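Start with the whole chain, then go to single elements and residues.

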Amino acid sequence: MIKLNNVVKQYDNFRLECSMEIPTGQVTGLIGRNGAGKSTVFKAILGLIHTDGGTVEVFGKDAAKLTQADREQIGVVLSDSGLCNYLTIKDFLPMLNTMYADFSVKKFTADCERMGLPMKKKIKEFSTGMKRKLQILVALSHNAKLLILDEPTAGLDVVARDELLGLLREYAEDGERSIVISSHISSDLEGICDDVYMIENGKIVLHEDTDVLLNEYGLLKVTKEQYAQLDRTHLLKTREENFGYSCLTKERQFYQDNYPSVVIERGSIDEVITMMTKNN
């Protein structure tokens with residue numbers, strides 16, 4: 001569905017060097033700190049920036065050569081995008097119906113009602129969460145094959161997040177569609193993503209299946225004495241702490257079997273982000 005091969009984008013004080021692949025039927029999370037390069041990756045996929053090297057393929061084509069029909073198969077929510085504040089949802093309906101061949105006024109209206117969005121109220125009067133709901137529903141409205149979602153649940157309460165994640169699960173369940181999603185809410189990604197890429201300082205530093213990350217990764221909490229006796233073959237990252245060291249491993253079971261006195265926590269996306277940063 002998407003393939004980035006050695007993509008390079010140089011800014012004055014930031015350089016992206018990225019390769020990643022999202023197959024058909026996959027929900028992929030892109031994680032990392034603010035400024036790590038997530039939005040730049042999304043913009044490269046969408047052709048919103050000119051890259052300085054490498055190739056970007058979408059639907060098996062050069063992303064720069066996608067036709068209008070191809071682009072209609074992509075639904076997008078970017079963190080810095082928005083909708084005209086002086087229109088109502090009702091005002092948008094004719095535009096969406098004209099823009100997208102597979103747009104259903106009936107379904108979109110029903111989804112808005114389901115999400116509690118008023119049809120005749122100006123968007124400038126919407127809360128942040130209501131605006132985000134509308135952006136996501138627009139991205140879902142035209143039966144796209146690919147969704148690119150940058151922080152789609154930002155500003156939403158727990159109930160609204162759960163509703164929208166339910167919509168995304170329904171969207172992806174036929175196995176013919178793909179989603180690329182970033183979020184600072186790790187539970188969102190852990191509950192929906194098949195795999196995750198982590199980007200740090202413009203480079204992919206980790207790619208892992210979500211099940212493997214949650215079930216096989218672990219965080220060791222060891223004293224300096226325990227660390228001195230530890231087999232470090234399977235440690236990915238180590239961070240010095242007041243009590244000794246925190247150590248990230250992909251082989252949690254190995255350390256549970258061989259070091260029963262060591263405190264070992266299950267892996268999580270938050271721990272991976274914290275431990276995989278360059279300062280550790």
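The report below runs from overall figures to local detail.

This is a predicted model, in which local features need pLDDT of at least 70, side-chain atom pairs count only at pLDDT 80 or more, and totals for chains, interfaces and linings use all residues. Residues are numbered from 1 along each chain as its sequence is written, and side-chain values use heavy atoms, with hydrogens and water left out.

**Overall**

The protein has 11 helices and 14 strands. Both are DSSP runs numbered from the N terminus: helices are H or I with at least four residues, strands are E with at least two. The C-alpha atoms fill a box of roughly 70 × 40 × 35 Å along the principal axes. Of the 280 residues, 50% are buried. Buried means under 20% relative accessible area, exposed over 50%, and partly exposed in between, with a 1.4 Å probe and protein chains only. Contact means heavy atoms within 4.5 Å. Among contacts between residues at least 6 apart in sequence, 67% join residues at least 24 apart.

**Helix 6**

Helix 6 covers residues 158–172. Its 15 residues should span 21 Å at 1.5 Å a residue, and the end C-alpha atoms are 21 Å apart, which agrees. The expected span is 1.5 Å times one less than the number of residues. Asp157 caps the N-terminal end: a side-chain oxygen lies 3.2 Å from the backbone nitrogen of Val159. Buried residues of helix 6 include Leu164, Leu165, Leu168 and Tyr171. Among the elements that cover the buried residues of helix 6 are strand 3 (27–31), helix 5 (128–140) and strand 8 (178–182).

**Val76**

Val76 lies in strand 6 (residues 74–77). Val76 is partly exposed, with a relative accessible area of 33%. Leaving aside neighbours within four places in sequence, Val76 is in contact with Leu46, Ala139 and Ile148. Asp209 is 133 residues away from Val76 along the chain, and their C-alpha atoms are separated by 24 Å.

**Positive phi**

Most residues other than glycine have a negative phi. Two residues with positive values are tabulated here.

| Residue | Phi | Place |

Is Glu151 buried or exposed? Glu151 is buried, with a relative accessible area of 11%.

Terms used
Polar contact = N/O pair within 3.5 Å; in protein donor to acceptor, adjacent residues only side chain to side chain.
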